[in-house]
Amino acid sequence: MQFVRPLWACLAISCLLISAAPAQSADHARPAPLRTAWLAEFEAFAAWYAHDRQWDRENNPAVELRPFPTGRLLVDNMHAYGWNLGACGGVPALRALLRKDVYVVGVGTEEAAFNAVYARASSPLARLNGGGAARYLRGKTVLCPLGTSAHQLLLAWLDGMGLRDTDVTIVDAEPDEAVRALAKGLGEAAALWAPATYAAEELGLFRITDGRKSGIAQPVLLLAERGYADKHPERITAYLRSYLQAVESFGKMPVEELALLYQRFQREFAGKALSAANARRELETHLLFPLEKQKALLGGVEADAARPEGTLRDWLKDVIAFHKKTGALSSREAGELESLPLVTPRFLP
């Protein structure tokens, strides 16, 4: 028996199909999410806050924030994850710059004061300095995440004592892992960054030096994937506007309110409990850069007559020298990077 659909039903179905067509078309036309990648560290605070306040949705209907444990993993997985904008230290960022995968579109923070070398309080390194420390350390094991800003600090510290990296045994270890190992008696020292440095101090480990004492600057860079940035420059600019809006907001908040907000950021984004004292410590010593300073750093305006090219380029030349020292960059590759053509202020608001 043939089934005959009533006329009213046919009309109803036709109306549904007609009304559904524009919705499907609209879904198809909806832009893909802006994917962002961060370490669970200070520079991600402004990104998290802009996302929490939904400021980052201007020209970007959907924004994703994904944490990575190290800058090296963030850079190495940029194509696998497909992130469009990310942030990490200058040391791992040079890999992506050499491949011409990214633009440097901003500076997240400068973290030299928070990269530090630790030893056990019982170690002679806690008492010795200069030649005595160098003689004691020779042949010993040091824990350090290779190819990172902590590695850059470690080599600067060794160099200051007249040692080379070949004079010690460097074991590749992420900061949290290195803290636990050093506290248990493995290795003689460890190069770390915050917040692993706080865990080190809570376990009674002794801070020997940090980036500022070793005379280096260690910027965290805001990176945009080149293909996406060239195709959607307005989205990168809109995102940076929201990021810098968060930076401006932080400058207007009372320290007590900001510290509570930073503790919430660490709980929600990093999954870590941070004490109020350590939250205030991070806020007091990390540098954040508003728009005009960003332009100066990236060379958009002259910061001062002595540095017309932007301070960031000087900082990154030190990073290039570090990579050359480790053998990660050949002389030819270092020469390609020296002009730093992919550092640009053109995406800033």
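This is a predicted model: local features need pLDDT of at least 70, side-chain atom pairs count only at pLDDT 80 or more; totals for chains, interfaces and linings use all residues.
Reader: What volume does the largest cavity have?

Author: About 70 Å³.

Reader: And which residues line that largest cavity?

Author: The lining is Leu39, Glu41, Glu43, Gly71, Cys88, Gly89, Pro92, Glu111, Thr148, Ser149, Trp193 and Val220. By class, that gives five nonpolar, four polar and three charged residues.

Reader: OK, what about the second largest cavity, what's its volume?

Author: The second largest cavity comes out at about 60 Å³. Glu41, Phe42, Glu43, Glu111, Trp193, Ala194, Pro195, Tyr262, Gln266, Glu282 and His286 line the second largest cavity.

Reader: How many charged residues are in that lining?

Author: Four, along with five nonpolar and two polar residues.

Reader: Switching to helices. At what angle do helix 7 and helix 15 pack?

Author: Helix 7 (residues 149-160) and helix 15 (residues 311-326) pack at about 75°, and their axes are 11 Å apart.

Reader: So what do we call that, roughly parallel or roughly perpendicular?

Author: Roughly perpendicular, because angles of 65 to 115 degrees count that way.

Reader: Which residues make the contact?

Author: From helix 7, His151, Gln152, Leu155 and Asp159; from helix 15, Asp318, Val319, Phe322, Lys325 and Thr326.

Reader: And how does that contact split by class?

Author: The contact of helix 7 with helix 15 has three nonpolar, three polar and three charged residues.

Notes: Residues are numbered from 1 along each chain as its sequence is written. Side-chain values use heavy atoms; hydrogens and water are left out. On a 1 Å grid over the protein atoms alone, a cavity is a set of points where a 1.4 Å probe fits but cannot get out, and a pocket is an open set with protein on both sides within 12 Å along at least five of seven lines; lining residues have an atom within 4 Å of a point. Grid points are joined across faces, edges and corners, and a volume is the space filled by probe spheres set on the points. Ala, Val, Leu, Ile, Met, Phe, Trp, Tyr, Cys and Pro count as nonpolar, Asp, Glu, Lys and Arg as charged, and the others, Gly among them, as polar. Axes are lines fitted to C-alpha atoms, for helices over the stretch in contact, and angles run from 0 to 180 degrees between N-to-C directions. Helices (H or I, at least four residues) and strands (E, at least two) are DSSP runs, numbered from the N terminus. Angles under 35 degrees count as roughly parallel, over 145 as roughly antiparallel, 65 to 115 as roughly perpendicular and the rest as oblique. Contact means heavy atoms within 4.5 Å.
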